[in-house]
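Let's take a walk through this protein together, one region at a time. Have the sequence and the 3D view open as you read.

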Amino acid sequence: MIPLSSEYDHLRNFSSSLKRIIVLNKMDLANRSEIKEWMRYFEQQNCISFGVNSHNKDNIKEFLKFLQARVKELKKIDHSSYTATIMLVGIPNVGKSALANSLHQIGRISAAEKGKLKHAVVSPIPGETKDISSLKVCFRWLPSKLMKRIGSHPNVYVLDTPGILPPDILDVEMCSKLALTGAVKDCLVGEKELAQYFLATFNLSDEYKKWEKLCTEENERSTTDHRLRFLGRSELGAKRKRQYPTDHTQDFVVHDARRSLFSIISSFHGDLEKEKDLSRLIETQFTALQEAFRVASESGEDAEHKVAAKLLNLYRTGRLGHYTLDSLPRNIQ
């Protein structure tokens with residue numbers, strides 16, 4: 001999660017009001033404790049915020065109730081017309097289309113609205129949304145016997161918009177954060193450089209401490225495998241045949257990667273605040289991950305790029321922990 005780096009620049013000086021809501025999307029990939037701190041920060045800035053996981057139905061239902069309450073408050077203040085429009089605005093690949101789809105689908109299903117559901121294009125590649133799409137969201141304002149009439153005249157539309165970025169990003173670290181989270185293409189920074197940036201973030205966090213039990217599990221697994229071999233059991237062979245070592249998304253490969261990272265950083269005695277020591281640690285981790293990901297010992301540069309691609313994929317899908325890349329401003333109380 002990058003609440004500041006992903007800020008939509010043209011809304012930075014937008015006056016705080018009920019009409020603007022800061023949506024902290026993809027919160028399932030962020031550090032849980034820091035989400036609350038960021039929401040407290042925005043509250044101090046007199047901004048309304050809400051944490052969202054677009055793929056969690058219960059969370060989307062909560063967000064719909066939250067939006068319903070905001071729309072009701074606006075109607076009381078400015079006596080607006082019955083129809084309201086919610087525009088999703090932000091940089092590329094922050095989940096605007098996925099959120100629009102979830103609001104549209106779950107909102108209409110909850111309101112028993114009939115008709116064909118629409119779908120905004122969702123892609124892991126930034127810049128796939130080319131046009132503004134309008135999707136209908138329905139709320140249960142009145143008793144169900146009047147729902148048909150309400151459904152035919154929906155009170156809320158949600159607009160999915162293309163992501164917008166400034167033509168130049170001069171801050172190198174901000175550019176790295178945007179690329180790491182998929183807002184800009186990897187090639188603008190480089191896959192290996194992005195993987196190194198992630199490992200630097202990982203090494204300075206406490207996420208690896210959650211994997212301590214993996215070393216104990218590995219010892220237990222090795223003992224079990226040894227016993228099966230000694231007894232001539234066929235179960236071990238059958239189990240191994242169902243595994244695909246080149247698929248880095250399989251659980252046993254992910255566990256090996258976690259175990260390698262944990263073992264290396266746990267035994268590291270250098271100073272992480274020193275660039276040379278941190279670079280040496282990252283280089284060691286790359287070598288270990290090549291073995292964990294079962295990347296063949298081919299030309300060094302090609303192998304490193306394969307390791308980097310696999311590592312970035314696991315990070316972006318939450319398989320290597322939860323991170324908030326932006327730090328809270330120091331003036332927070």
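Predicted model: local features only at pLDDT ≥ 70, side-chain atom pairs only at ≥ 80, totals over all residues.

How much space lies in the second largest pocket? The volume comes to about 470 Å³. Its lining is made up of 19 residues, and if you want to find the centre on screen, look for Thr-201, Leu-204, Ser-205, Thr-324 and Leu-325, which lie nearest to that point. Sorted by class, the lining holds 6 nonpolar, 6 polar and 7 charged residues. As for how such spaces are found, rolling a probe the size of a water molecule over the atoms shows where empty space is left.

Now turn to how those two helices sit against each other. Two packed helices are described by the angle between their axes and the distance between the axes. Here the axes of α5 and α6 come within 10 Å and cross at roughly 100°. Angles of 65 to 115 degrees count as roughly perpendicular, and α5 and α6 are therefore roughly perpendicular to each other. On the α5 side of the contact you will find Glu-173, Ser-176, Lys-177, Ala-179 and Leu-180, and they meet Leu-194, Tyr-197 and Phe-198 of α6. The residues of this contact divide into 5 nonpolar, 1 polar and 2 charged.

Leaving aside residues up to four places away in sequence, Lys-177 touches Ile-2, Ser-5, Tyr-197, Leu-325 and Asp-326. Among these partners, Tyr-197 belongs to the α6 side of the helix contact, while Leu-325 is one of the residues nearest the centre of the second largest pocket.

Next, let's visit some loops. Pro-245 lies in the loop between α8 (235-241) and α9 (251-266), and with a relative accessible area of 38% this proline is partly exposed. Not counting residues up to four places away in sequence, Pro-245 touches Gln-250, Phe-252, Val-253, Phe-293 and Arg-294. Pro-245 and Ala-292 are 47 residues apart along the chain, and their C-alpha atoms are separated by 9.1 Å.

One of those partners, Arg-294, has a backbone feature of its own: its phi is near 55°, a positive value in a residue other than glycine. Arg-294 lies in the loop between α10 (275-292) and α11 (300-316), and is partly exposed, with a relative accessible area of 33%. Lys-26 also has a positive phi, near 60°, and is likewise not a glycine. You can find Lys-26 in the loop between β1 (21-24) and α1 (32-44), where it is partly exposed at 30% relative accessible area.

Finally, step back to the whole chain. Its secondary structure comes to 11 helices and 5 strands. Of its 333 residues, 42% are buried. Among contacts with a separation of 6 or more, 69% are between residues 24 or more positions apart.

Notes. Residues numbered from 1 in each chain as written. Heavy atoms only, no water. 1 Å grid on protein atoms, 1.4 Å probe; cavity = no way out; pocket = protein on both sides within 12 Å on 5 of 7 lines; lining within 4 Å. Points joined across faces, edges and corners; volume = space filled by probe spheres on them. Nonpolar A, V, L, I, M, F, W, Y, C, P; charged D, E, K, R; others polar. Helix = DSSP H or I, 4+ residues; strand = E, 2+ residues; numbered from the N terminus. Buried < 20%, exposed > 50% of the residue type's maximum accessible area, 1.4 Å probe, protein only. Axes fitted to C-alpha atoms, helices over the stretch in contact; angles between N-to-C directions. Parallel < 35°, antiparallel > 145°, perpendicular 65-115°, else oblique. Contact = heavy atoms within 4.5 Å.
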